[in-house]
Amino acid sequence: MNKNKTSGRGEAGTRWYENPDGLTKAAALAILGAILAVMYFFAGDFWHKTFTLAVSGNVSALADYFRSFGPWAMLVSFSIDVLINMGSIFPSVFISTANGLIFGLPLGILISWLAETVGVVLSFLLMRFFFRNTAEKVIAKADKLEAIDRASEKNGIVWMTFARALPYFPSGILTAVGAVSRMSIRDYMIANLIGKFPSTALEVVIGHDIVNFRECMLRLTILILVAAVVFYIGKRHLMDKQ
């Protein structure tokens, strides 16, 4: 019975959100659409301007925009960072850089780390809700995919932690892989909470130092070299695991 509850394959005892039917998915999609419509109706200009700046690459303009919210700047930055990571389409590195410029490196790293972690966890939950049971049908037809899927249930936390620790690695790919795997929600949350910290910290510091190149040239050079070595080692490690 316990195995059935955790497998998410629709056996007796499976929770409704682990293997939702088409009607449940349609209702959830309608609710999400309604929420987005309300957000756009009441603050369409705000969301449009904020997202445009957040993905434009103009870090200085983005930082100035966040500063214009005064004491609410931290909440605005955090919320936008969460939403961008939920979407898993656009990079959030520009917001991370802006956070380092506005709030300083320690607080900027903390805000970015927590926001990105919350965002990718929410994205994981949405992807799993809508796509996991469909992925299971595809996986069940291929023995190799089935073996990989079962392995992810045991070793997924190690793999995900390591992959998330790589700076500038496409976030959406890892979220999608985790969502269609058997990796538990608890393991995914732990892996991202741990793995996101070093990668986010590097992104914040490197972005901050690029903007302030003259004052931080030595540290920036060292960090870029470290990031390049870590990325190379991580890439080789992931390739060897395949």
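## A chat about an all-helix model

Mentor: Let's start with the surface: α6 (105–140) and α9 (185–211) each supply at least two residues of its nonpolar patch. Helices here are DSSP runs of H or I with at least four residues, strands are E runs of at least two, and both are numbered from the N terminus.

Trainee: Which residues form that nonpolar patch?

Mentor: M74, L107, L110, L114, I190, L193 and I194, with about 530 Å² of accessible area together. A patch takes residues with over 30% relative accessible area and no salt bridge, joining nonpolar side chains (Val, Leu, Ile, Met, Phe, Trp, Tyr) within 5 Å and like charges within 9 Å. A salt bridge is a Lys or Arg side-chain nitrogen within 4 Å of an Asp or Glu carboxyl oxygen. Areas come from the Shrake-Rupley method with a 1.4 Å probe, and for residues only the protein chains shown count as cover.

Trainee: Where does I190 lie, and what does I190 count as?

Mentor: I190 lies in helix α9, and it counts as partly exposed because its relative accessibility is 32%. Buried means under 20% relative accessible area, exposed over 50%, and partly exposed in between (1.4 Å probe, protein chains only).

Trainee: Before I go on, what kind of model is this?

Mentor: It is a predicted model: local features need pLDDT of at least 70 and side-chain atom pairs count only at pLDDT 80 or more, while totals for chains, interfaces and linings use all residues. Residues are numbered from 1 along each chain as its sequence is written, and side-chain values use heavy atoms, leaving out hydrogens and water.

Trainee: OK, how many helices and strands does the chain have?

Mentor: Ten helices and zero strands. Of its 242 residues, 42% count as buried.

Trainee: Back to α6. Is T117 buried or exposed?

Mentor: T117, in helix α6, is buried, because its relative accessibility is 7%. Leaving aside neighbours within four places in sequence, T117 is in contact (heavy atoms within 4.5 Å) with N192, L193 and K196.

Trainee: And where is S92 found?

Mentor: In the loop between α4 and α5 (93–103). S92 counts as buried, at 8% relative accessibility. Leaving aside neighbours within four places, S92 is in contact with D81, I84, N85 and E116.

Trainee: Which side chain does the S92 side chain make a polar contact with?

Mentor: That of E116, at 3.3 Å. A polar contact is a pair of N or O atoms within 3.5 Å; within protein, one must be able to donate a hydrogen and the other to accept it, and residues adjacent in sequence count only if both atoms are side-chain atoms.

Trainee: Which residues of α4 are buried?

Mentor: A73, V76, S77, I80, D81, V82, I84 and N85. Just after α4, S88 takes a positive phi of about 55 degrees.
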